[in-house]
Amino acid sequence: MKKISLHFKVGLSFLLLSPFSKSLALEIVDYGSLRIHYYETSETLSTYNAERSFSENEKAVVAGAAQYLESTIGNVGARDVNIHMMWASGLSESTLGSSSSSAYILTTGEGYNFMATAAQTVWAYGLNAGDANSIDCQIIFNPSFNFYTGQDASGFSGLDLQSVVTHEITHTLGFSSSYNSMTDLFGYEYAADEYAMQIWDHYLEDGNGNLPDPGSSGTPGDFNQVDAPVYWTGENGNAAYQSMAGVANNAQIPIYAPDPFQSGSSLSHVDELGFDGIGGTGDDLSGMMNYALSAGESYREFNAVEKGMLEDLGWEIIVIPEAGSLLLMAISACAVLLVGRRK
Ligand SMILES: [Zn+2]
């Protein structure tokens with residue numbers, strides 16, 4: 001792990017997801033490492049009620065997303081990752097979907113505590129945390145949109161559901177900041193005055209070199225969470241970025257950090273517009289993990305930069321903590337996908 005750092009201001013609101021209020025009988029489908037729990041009309045989890053069930057077409061879309069991830073990620077998990085999905089009201093009108101993850105506080109050999117999503121913990125690190133029935137992630141889709149559910153990834157005009165499904169699941173793989181915009185502190189307070197940050201935050205840096213820091217607003221100075229953009233420091237992601245045409249060989253991936261801060265979006269997405277000013281020529285970083293999706297767009301697979309970032313997030317690396325030090329915390333790593341215009 002890098003040393004800690006901190007910064008930004010407003011951030012994601014961390015919702016305590018544990019204990020999840022138990023759901024009713026669900027349809028459960030196993031897609032390799034992912035077990036998807038489909039909620040039917042009126043089934044509930046947390047504060048959400050399923051407004052309707054999933055259609056067969058929609059389940060086929062989810063299957064396509066799960067199979068892509070299964071074929072792209074080589075890690076061997078200790079158990080399947082349980083992802084609970086439903087169509088429910090309660091999201092803002094411009095939000096297509098939102099994901100929340102349970103998380104674990106892990107400890108490195110040096111005694112440093114950090115936070116990993118349940119998916120990172122059991123799948124990337126292979127730690128047998130929780131149990132086969134643990135609710136590792138909840139994904140809410142906004143039923144007020146008419147999504148495109150076709151198999152063809154081009155030649156359509158609607159909002160591509162598979163792009164949204166893959167995007168939200170990817171947040172649960174650790175593509176998410178633990179910055180709290182309400183307190184202007186990084187990390188989750190898992191015990192009195194004890195904070196741990198998501199692995200993601202260890203790879204952020206603002207334009208002045210300030211870093212996130214657990215229980216702090218940044219180090220050595222206040223992290224500028226509206227730096228538009230902030231930057232990624234992970235070497236795998238940046239190496240992929242620097243290999244793009246027109247990108248400087250010391251450039252860092254721009255991370256979405258608009259002013260004003262956008263809770264749920266800021267600091268947890270790649271900024272496809274942040275390319276200018278850091279050595280690039282105008283190539284864009286459009287991809288699955290941008291904060292917004294427009295009608296007719298499809299990002300069902302990771303680009304090289306996103307793959308590098310996933311490697312940085314432990315999908316190949318990272319200190320392996322000891323299983324005996326696991327502490328279930330159940331924190332949400334909220335992440336939303338907003339409809340917006342690109343460019
Ligand atoms: Zn997102």
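Helix 1 and helix 3 are oblique to each other. This is a predicted model.

**Helix 1 and helix 3**
- Helix 1 spans residues 56-72 and helix 3 spans residues 161-172.
- The two pack at an angle of about 50°. Their axes are 9 Å apart.
- The crossing of helix 1 past helix 3 is right-handed.
- On the helix 1 side, the contact residues are Glu-58, Val-61, Val-62, Gly-64, Ala-65, Tyr-68 and Leu-69.
- They meet Leu-161, Gln-162, Val-165, Thr-166 and Ile-169 of helix 3.
- By class, this contact has 8 nonpolar, 3 polar and 1 charged residues.

**Helix 4 and helix 5**
- The axes of helix 4 and helix 5 come within 6 Å. They cross at roughly 165°.
- That angle makes helix 4 roughly antiparallel to helix 5.
- This crossing is right-handed.
- Helix 4 contributes Glu-235, Asn-236, Gly-237, Ala-239, Ala-240 and Tyr-241 to the contact.
- Helix 5 contributes Ala-304, Val-305, Lys-307, Gly-308, Met-309, Glu-311 and Asp-312.
- By class, the contact of helix 4 with helix 5 has 6 nonpolar, 3 polar and 4 charged residues.

**Buried residues of helix 4**
- Helix 4 covers residues 235-242. Its buried residues are Asn-236, Gly-237, Asn-238, Ala-240 and Tyr-241.
- These buried residues pack against strand 17 (230-232) and helix 5 (304-312).

**Gly-237**
- Gly-237 sits in helix 4.
- Gly-237 counts as buried because it has 24 C-beta neighbours inside 10 Å.
- Neighbours within four places in sequence aside, Gly-237 is in contact with Trp-232, Ile-253, Val-305, Gly-308, Met-309 and Asp-312.
- Gly-237 and Leu-313 are 76 residues apart along the chain. Their C-alpha atoms are separated by 9.6 Å.

**Nonpolar core**
- In soluble globular proteins, nonpolar side chains tend to be buried together.
- The largest nonpolar core here has 86 residues.
- The residues with the most contacts inside that core are Ile-83, Met-85, Met-86, Met-115, Ile-253, Ile-255 and Leu-313.
- Ile-253 touches Gly-237, Asn-238 and Tyr-241, among others, not counting residues up to four places away in sequence.

How values were computed:
Residues are numbered from 1 along each chain as its sequence is written. This is a predicted model: local features need pLDDT of at least 70, side-chain atom pairs count only at pLDDT 80 or more; totals for chains, interfaces and linings use all residues. A residue is buried if 20 or more other C-beta atoms lie within 10 Å of its own, exposed if 12 or fewer, and partly exposed in between; C-beta atoms are placed from the backbone. Helices (H or I, at least four residues) and strands (E, at least two) are DSSP runs, numbered from the N terminus. Two residues are in contact if their C-beta atoms, placed from the backbone, lie within 7 Å. Axes are lines fitted to C-alpha atoms, for helices over the stretch in contact, and angles run from 0 to 180 degrees between N-to-C directions. Angles under 35 degrees count as roughly parallel, over 145 as roughly antiparallel, 65 to 115 as roughly perpendicular and the rest as oblique. A crossing is left-handed if the near helix is turned anticlockwise from the far one by less than a right angle, and right-handed if clockwise. Ala, Val, Leu, Ile, Met, Phe, Trp, Tyr, Cys and Pro count as nonpolar, Asp, Glu, Lys and Arg as charged, and the others, Gly among them, as polar. A nonpolar core is a set of buried Ala, Val, Leu, Ile, Met, Phe, Trp, Tyr and Cys residues joined through C-beta atoms within 7 Å.
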